[in-house]
Amino acid sequence: MPQLVHLMKQLGYPTSLEKLKSRFSNIQSQLNYYTLVAELNNKAVGMFGLCHNLFYEYGSSYVRIGSFIVGADHRRKGVGGKLIHGAEKWAMEQEVTQIMLNSGKREDFSIQQII
């Protein structure tokens, strides 16, 4: 879990170990959430956070990739591809029609700019 704190910081969401443990405890209690962690030599080097949701617009469901990070030292080495494969496998098990990806936290963009 301590390595996930470092990955979350790289993703743009700094947190403490205590806060992350609490967050993961809540997430793991929800059956529609799924977390994939890529490890190398017993060290977390990447993570995917997935959520199975229902569409309002259609009679089907989708998986949203809410968190996707590969540690800076492990990029371009196939880690992300393996995480994507694992996410696709879980999504197919949920019988979804789409997979959606949230893309990044941007410092230069806020909700106030579009209202």
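Sheet and crossover in a predicted model

User: What makes strand 3, helix 3 and strand 4 a right-handed β-α-β unit?

Analyst: Strand 3, helix 3 (residues 79–93) and strand 4 form this right-handed unit. A crossover is called right-handed because, with the strands pointing away from the viewer, the path from the first strand over the helix to the second runs clockwise. Helices (H or I, at least four residues) and strands (E, at least two) are DSSP runs, numbered from the N terminus. The model is predicted: local features need pLDDT of at least 70, side-chain atom pairs count only at pLDDT 80 or more, and totals for chains, interfaces and linings use all residues. Residues are numbered from 1 along each chain as its sequence is written, and side-chain values use heavy atoms, without hydrogens and water.

User: How do you know that strand 3 and strand 4 pair?

Analyst: Two strands pair if DSSP finds at least two bridges between them. Strand 3 and strand 4 have four bridges, in the parallel sense, and therefore count as paired. In strand 4, Gln98 is the bridge partner of Tyr62.

User: What makes strand 2 and strand 3 a pair, and in which sense?

Analyst: Strand 2 (residues 43–54) and strand 3 (residues 61–70) share nine bridges in the antiparallel sense. Leu50 has Ile65 of strand 3 as its bridge partner.

User: Why is one side of strand 1 and of strand 4 left without a neighbour in the sheet?

Analyst: The open sheet has the order 1-2-3-4, with mixed pairing. Strand 1 (33–40) and strand 4 (98–101) stand at its edges with a single partner strand each, so one side of each lacks a neighbour.
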